[in-house]
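Load the model in a viewer and keep the residue selection panel open. The stops below say what to select next and what is there.

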Amino acid sequence: MYNPNPGASAARRHPGYGKGQHTIDLGTLLRADPETLSTRIVAAVRSPGYAPPLLPDVALEVNRLAQSPDTDFRQVAAALSREPMLAGQVLQIASSPAYGGRKMATLDDAVGRLGTNGIRNLVMQVVLDLRVFRAPHFSDLLKSVRGHAVATAHVAHAVARRTSVDPNQAFLAGLMHEVGIAGAVHVIVEAFGRRTPPDVRQFWSSISDVHGEVGGVMAAHWGIAGRVALAIEGHHDRPNKGQPALLTSAVTVACHIASQLGRGMRLGDDVVDRSPVDVVRAAGVHLGLNADAMRALFAEAGALFELLDD
Ligand SMILES: [Fe+2]
């Protein structure tokens, strides 16, 4: 059977495992109307036995270190050095044109230059790419999610630099804002086991309806909480739904710019998962971005995307 969590033996031993509805049975999945399926997906990820795709211990440790004000950058470099392949991929991205194109030979170099939060973000980019945004039968959709996530992360960083939002938090929230799509896909793939599921369009409205909530649950499992989790949950919501939403608004605007510039999430030929224009406009107003600032952001994003392709 497909297992998105090959190392999750600890989760399998959770006392609630097998008691909650951590999976959906195939018959229910095929018979359910979209609304019922949405409800079942949420119930599956909220059940006591649910574990999201497992992230490497080093990634979780780097994230924990990055959240502590007492962390010395050498601690992050030391933690990351325990996973040479992961460290190599982080150094490769840190040396790429989107980061200035200066070759970074050592982890100390990279952490010193990008900071603990910047390195945490690259670690998360690598592990999400390898462990989360991949699933059999849904590879085209998840490939477009990967591209959209990285593009949105960079634009969110640019949005944040024009506002009072923390740029590193904005990058992380942009990177993770669609993890719920992958989480819902993993639940569906697990239900099908060895069988080939129908086209993703059959499930798309259910996945789309709950991906914010599913993503928030996954982030909490990984130790990512607070405003980043709220941004994941609410990136399609109108601002001021009772949360401190500047970070959320930054992700909403970044997601929109990425989609407008050809880095949206795709289902076949269609660009999907766009926020309504009035929600994007309200998010921009919430951030204090006027028309000139939005034009400048579009220009900056276009230049960034060319660097990402180099
Ligand atoms: Fe979304």
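Start in the loop between strand 2 (270–272) and helix 14 (277–287), where Asp-273 is found. Helices (H or I, at least four residues) and strands (E, at least two) are DSSP runs, numbered from the N terminus. Asp-273 has a positive phi of about 65° although it is not a glycine. Most residues other than glycine have a negative phi. Asp-273 is buried, because 23 other C-beta atoms lie within 10 Å. The burial classes are these: buried means 20 or more other C-beta atoms within 10 Å of the residue's own, exposed means 12 or fewer, and partly exposed is in between, with C-beta atoms placed from the backbone.

Before moving on, note that this is a predicted model, in which local features need pLDDT of at least 70, side-chain atom pairs count only at pLDDT 80 or more, and totals for chains, interfaces and linings use all residues. Residues are numbered from 1 along each chain as its sequence is written.

**Colour by confidence**

Colour the chain by pLDDT, the predictor's confidence in each residue, from 0 to 100. The chain averages a pLDDT of 90, and 91% of the residues score at least 70. Over residues 7–20 the pLDDT is below 50, and this stretch has 18 contacts in the model beyond near neighbours in sequence. A contact is a pair of residues whose C-beta atoms, placed from the backbone, lie within 7 Å. Where pLDDT is low, the predicted coordinates should not be read in detail.

Select His-137, in the loop between helix 7 (107–132) and helix 8. Its phi is near 75°, a positive value in a residue other than glycine. His-137 counts as partly exposed, because it has 18 C-beta neighbours inside 10 Å.

**The two domains**

Colour domain 1 (15–51 + 136–309) and domain 2 (53–132) separately. These bounds come from an automatic or database domain assignment. The centres of the two domains, taken over C-alpha atoms, are separated by 23 Å. Across the boundary, 17 residues of domain 1 are in contact with 16 residues of domain 2. On the side of domain 1 that touches domain 2, the elements giving two or more residues are helix 8 (139–161), helix 9 (167–176), helix 10 and helix 15 (291–309). Helix 9 gives the largest share of that side, four residues. The residues of that side divide into twelve nonpolar, four polar and one charged. Here Ala, Val, Leu, Ile, Met, Phe, Trp, Tyr, Cys and Pro count as nonpolar, Asp, Glu, Lys and Arg as charged, and the others, Gly among them, as polar.

**Helix 4 and helix 5**

Select helix 4 (57–67), which packs through its buried residues against helix 5 and helix 7. Those buried residues are Ala-59, Val-62, Asn-63, Leu-65 and Ala-66. Seen down the axis of helix 4, they fall within an arc of 165°, so they line one face of the helix. The arc is that of the directions from the helix axis to the C-beta atoms.

Next, select residues 73–80, helix 5, where Val-76, Ala-77, Ala-79 and Leu-80 are buried. Their arc is 160° seen down the axis of helix 5, so they also line one face of the helix. They pack against helix 4, helix 6 (84–94) and helix 7.

**Helix 3**

The buried residues of helix 3 are Leu-37, Ser-38, Arg-40, Ile-41, Ala-44 and Val-45. They cover an arc of only 165° around the axis, which puts them on the same side of helix 3. An α-helix has 3.6 residues a turn, so residues three or four places apart point the same way. The buried residues of helix 3 pack against helix 2 (26–31), helix 10 (179–192) and helix 11 (204–221).

Arg-46 is also in helix 3. Arg-46 counts as partly exposed, because it has 14 C-beta neighbours inside 10 Å. Draw a distance from Arg-46 to Met-218: their C-alpha atoms are separated by 9.4 Å, although the residues are 172 apart along the chain.

**Helix 10**

Finish at Ile-181, in helix 10. Ile-181 counts as buried, because it has 30 C-beta neighbours inside 10 Å. Not counting residues up to four places away in sequence, Ile-181 touches Val-145, Ile-207 and His-211. Val-214 is 33 residues from Ile-181 in sequence and 7.8 Å away in space, C-alpha to C-alpha.

Key
Contact = placed C-beta atoms within 7 Å.
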